[in-house]
Amino acid sequence: MDEKRAVARPHRVEVAIAGGGLTGLALAAALGRAGTCLALVEQAPLASLVEPEYDGRVTAVARGSQRFLASLGAWPAIAPEAEPILEIVVREAGSPVGVHYDHREVGNEPLGWIVPNRTLRLALQTTIADLTDLDLFTPARIVAAETGTGGLRLELADGRAIETALLAVCEGRLSPTRELLGIGDRRFDYRQLAIVCTLRHERPHRGRAVERFFPDGPFAILPMRGRRSSIVWALEAEKAAAVRALDDRAFAAEVEERFGDLLGGIEIEGPRFYFPLVLVESERITAPRVALVGDAARGIHPIAGQGWNLALRDVAALAEVVEERLRLGLDPGDASALDRYAAWRSFDGLALVSICHGIERLFSNDVGPLKLLRNLGLGLVERLPPAKRFFMRHAMGLVGELPRSMRSARSA
Amino acid sequence: MTDGTVDRAELDKFRAMAARWWDPHGPLRPLHLMNPTRIDWLLGQCRAHLTWAGGRRPLAGLEVLDVGCGGGLLAEPLTRLGATVTGIDPEPANLEVAREHARVAGLAIGYEAARVEDIAARGCRFDLVTALEVVEHVPDPAAFVRAAAATVRPGGLFVLSTLSRTLASWVAAIVAAEYLLGWVPRGTHDWGRFLKPSELAAHLRAAGLRPVGLTGLAYEPAYERFTTCRDPGVNYMIAAVRDAVGGSA
């Protein structure tokens, strides 16, 4: 036996979180608030994750997610940078038919908010800084995980060890810990690159988000604070390479061509970011003493802006399961706890993987009959108020068996 | 085959399953599914009738006797919640599993192969006595309740869970659980031994306790869990207090 390991006292916690990104931070905040004894393991120094050049993306925060962030006490720090979405227009390029979602159809509240990822990270990092029962292991890397009857023993690259009842893997779609644990996945490469950047524009956006489908990929423009918008432009890999080579002025011209002059003259603000689009779906979302959370469970296409909202529903559900187990003196990471989490989350995840994948495949082509079907589908949704309200409420994150922290005060 | 309040033939059924006490997908699956709901209701009764320390160890300071503790499915959570727990079971195979599991979990629990009347005869008294899914396996429920009640301190609480003797419980516990779903081995339960809540309450009163709470437990197949309900027609829980002399506790 290795002498050093036998002597080193492992750090004992109730829940260890792998990954200090948006999802891992939210889980730490949710569990920490309930007094859970936590360890957070992140490969990068936390400060490097909030540098402006690290991530220029924005996230669509649905109503249910906003309630959850508010319950964590993080919303006041996010609100000044959050732009309410009042309308969503979905349309196939060159087609007169489309769906128009107006927030007034489902009540007085916005459909969601567009928030820079950096704002979310800063707010959640501040939230977890106040936790007394959280130990940060950063920068650190998990190199071994060994299951015993009483818990899971994690070994870090620097020789330290953590013993935990439950490991929550929140490392995103290419999670190294998931691989280390031997949990397989299915992948689908969209052969698309998402181009993300911020625009300044002449005219106000009036809280309108627009999604347009082109045969070579979808293009979305999302309202930010002030006369600014974020664009998410998914493009076939070869075309994306060409667009990547353009300077800002030529790039802006290309955007205007796709988008028209709805917002007046535009100007690119800050750097452009590029992300390859890959659907990754884990074989299962639990293993003994392990729960996969968010993109580590399934990383979906960003087409509907649902990825982090889905992740937050995982977070809220897992936090509720763990809190309940601890309140009752039960093991938070045993098979009964994980069964409950898996049963609760599998359906929601599966539904969104299929819906988002289906939408993307349906629109990313030029096949005549499919085109007709698409227009028919969008037209139907537009004309059937109950169907439309259902889709809106689902996109707002208000459908299904919601974790307590996501329900409205009235239904809680 | 009767030994005091213990039926040896009933014990044989559990000895065969002992190794799988902690397997939530094994023959004792219903107990695992029921456990969170049972504990939740039990904690509510503790809060209402005993000293409640609050926080993460709300049962701190309480002495608990878990009668028919099996593999320790209740003794462990109650220990984590702060109680000092003694778990008794007449079946040594169960206790072996319970001791090993508590050791790995790092929990100090006093496990002992004993019958409840042995504990009562020693004069040991507890703040909380529990007997979950036990009374349906004993040969003489009145004698069992009397012996267990004797270990309840004045001001203390006795909580039981069991199955009622109704058509619904016959369908659920025998036809569904043993034959259709195969949740538990055939012959696990003898329906004729089940007690209705009124009969169990009468035994408790005869033993000098005052019933203070009753709830049904209903299985929700869609979510694979139990919830509390008004109807005690299948699974139910009952709580009774031993009033302190000279007034209620």
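Me: Where do helix 6 and helix 8 of chain B meet?
Reply: B:Pro141, B:Ala142, B:Val145 and B:Ala149 of helix 6 of chain B meet B:His203, B:Leu204 and B:Ala206 of helix 8 of chain B. Contact needs C-beta atoms, placed from the backbone, within 7 Å. Helices (H or I, at least four residues) and strands (E, at least two) are DSSP runs, numbered from the N terminus.

Me: What are the residues of that contact, by nonpolar, polar and charged?
Reply: Six nonpolar, one polar and no charged. Ala, Val, Leu, Ile, Met, Phe, Trp, Tyr, Cys and Pro count as nonpolar, Asp, Glu, Lys and Arg as charged, and the others, Gly among them, as polar.

Me: What kind of model, and which numbering?
Reply: This is a predicted model: local features need pLDDT of at least 70, side-chain atom pairs count only at pLDDT 80 or more, and totals for chains, interfaces and linings use all residues. Residues are numbered from 1 along each chain as its sequence is written, with chains lettered from A and ligands numbered from 1 in the order in which they are written.

Me: What angle do helix 6 and helix 8 of chain B pack at?
Reply: About 45 degrees, with their axes 9 Å apart. That makes helix 6 of chain B oblique to helix 8 of chain B. Under 35 degrees is roughly parallel, over 145 roughly antiparallel, 65 to 115 roughly perpendicular, the rest oblique. Axes are lines fitted to C-alpha atoms, for helices over the stretch in contact, and angles run from 0 to 180 degrees between N-to-C directions.

Me: How many residues of helix 6 of chain B are buried?
Reply: Seven of its nine. Among them are B:Phe144 and B:Arg146. Buried means 20 or more other C-beta atoms within 10 Å of the residue's own, with C-beta atoms placed from the backbone.

Me: What covers them?
Reply: The cover includes strand 3 (63-67), strand 7 (152-163) and helix 8 (197-206) of chain B.

Me: Switching to chain A. How do helix 2 and helix 5 of chain A pack?
Reply: At about 30 degrees, with their axes 9 Å apart. Helix 2 and helix 5 of chain A are therefore roughly parallel to each other.

Me: Which residues make the contact?
Reply: Helix 2 of chain A contributes residues including A:Leu22, A:Leu25 and A:Ala29. Helix 5 of chain A brings residues including A:Leu120, A:Leu124 and A:Ile128. The contact divides into eight nonpolar, four polar and one charged.

Me: How many residues do chain A and chain B put into their contact?
Reply: Chain B gives 15 residues and chain A eleven. Helix 2 of chain B gives the most to the side of chain B that touches chain A, with four residues.

Terms used. Buried ≥ 20, exposed ≤ 12 C-beta atoms within 10 Å, placed from the backbone. Contact = placed C-beta atoms within 7 Å.
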